[in-house]
Amino acid sequence: MSVDVLAQGLTGEFAQAAVYVQDDSRSLKIHAVSNPQFKVRRLAVLIAGIVSYTRWPTSPNPIRLCVMGHDELVEELKSGSALSGARPVTVHNVKPGIDFKASCNVVSVTAIPPENARQLLFQIVSAPVVSIGEGPEFCSDGGMFCLHPDSGLTNNSDRRPFSVNLDVISRSGLRVNPQVLLLAKPPGTVAP
């Protein structure tokens, strides 16, 4: 089996390469291989968008964004390119055991065991703290926004960049712009 780079796509943080794999049956397969930084950048942009369209019962100044489990995401968010909105945001790399209600307005958890995520979600239930994680299980465990950072990178164009748990959002006292919530709706559905 041989693997060769055919062509370079975009450059920099969004670089992707097209490669071909020739197997024993001499068939040609083409795959898109993404730069790992692309996923981190995409996560940062999704998080920044959610934060920018969220309103708290009492406006925090600055908004305290706590990230647990993803050092590269912390660095990307601290670089400021994704969080360059009108409201100031501070980014903190946090560990389990802190008082999330008192320390954070937004919590983003990735790459941590599900039981740690469940403990965190239990701690902030009904609090005005935005919870963001990866995958649909995060929402079923009580998270607000469940990111799908690989959506749009495959042939599955029906996948949305995130899903939401409207019940948890409504109990928190947070207000999220309805236009953002519409982005999470499956294609072909209409608003009531």
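**Exercise 1. The disulfides**

Is C139 buried or exposed, and what is its relative accessible area? Then work out how the cysteines pair and what each link joins.

*Solution.* Before we start, please note that this is a predicted model, in which local features need pLDDT of at least 70, side-chain atom pairs count only at pLDDT 80 or more, and totals for chains, interfaces and linings use all residues. Residues are numbered from 1 along each chain as its sequence is written, and side-chain values use heavy atoms, with hydrogens and water left out.

Step 1. C139 is buried, with a relative accessible area of 8%. Here buried means under 20% relative accessible area, exposed means over 50%, and partly exposed lies in between, for a 1.4 Å probe and protein chains only.

Step 2. Look for the partner of C139. C139 and C146 form a disulfide with their sulfur atoms 1.9 Å apart; a disulfide is a pair of cysteine sulfur atoms within 2.5 Å. C146 is buried at a relative accessible area of 0%. The angle about the S-S bond is 125°, and this link is right-handed.

Step 3. The structure holds 2 disulfides, so let us take C66 and C104 next, whose sulfur atoms are 2.0 Å apart,. Their link is left-handed, with -100° about the S-S bond. Helices (H or I, at least four residues) and strands (E, at least two) are DSSP runs, numbered from the N terminus. C66 is buried with a relative accessible area of 1%, and C104 is buried with a relative accessible area of 1%.

Step 4. Counting bonded cysteines along the chain, the pattern is 1-2, 3-4.

**Exercise 2. The sheet around β5**

What is the strand order of the open sheet of 6 strands?

*Solution.* 

Step 1. The order is β6-β5-β7-β8-β9-β10, and the pairing is mixed. Two strands pair if DSSP finds at least two bridges between them.

Step 2. Find the edges. They are β6 (89-93) and β10 (162-164), each of which pairs on one side only. From one strand to the next, the twist averages 20°.

Step 3. Take β5 (residues 63-68) and go to β6: 5 bridges join these strands, which run parallel. In this pair, I63 stands opposite V89.

Step 4. Now go from β5 to β7: they also run parallel, joined by 4 bridges. Here C66, the cysteine from the first exercise, stands opposite V107.

Step 5. Check the cover of β5. Of its 6 residues, 5 are buried, so the strand is mostly covered,.

**Exercise 3. Helix α2 on the sheet**

Which strands does helix α2 touch? Then find which of its residues are buried.

*Solution.* 

Step 1. α2 (residues 71-78) packs on the sheet and touches β5, β6 and β7 (106-109). Contact means heavy atoms within 4.5 Å.

Step 2. The direction of α2 makes about 160° with that of β6. Axes are lines fitted to C-alpha atoms, for helices over the stretch in contact, and angles run from 0 to 180 degrees between N-to-C directions.

Step 3. L73, V74, E76 and L77 are buried in α2. They cover an arc of only 165° around the axis, which puts them on the same side of α2; the arc is that of the directions from the helix axis to the C-beta atoms. As background, an α-helix has 3.6 residues a turn, so residues three or four places apart point the same way.

Step 4. Just after α2, G80 takes a positive phi of about 90°.

**Exercise 4. Backbone exceptions**

Which residues does a cis peptide bond join? And where does S126 lie?

*Solution.* 

Step 1. The cis bond joins N61 and P62, with omega about 0°. P62 lies in the loop between β4 (54-55) and β5.

Step 2. S126 lies in the loop between α4 (114-124) and β8 (130-134). Its phi is near 65°, a positive value in a residue other than glycine. At 45% relative accessibility, S126 counts as partly exposed.
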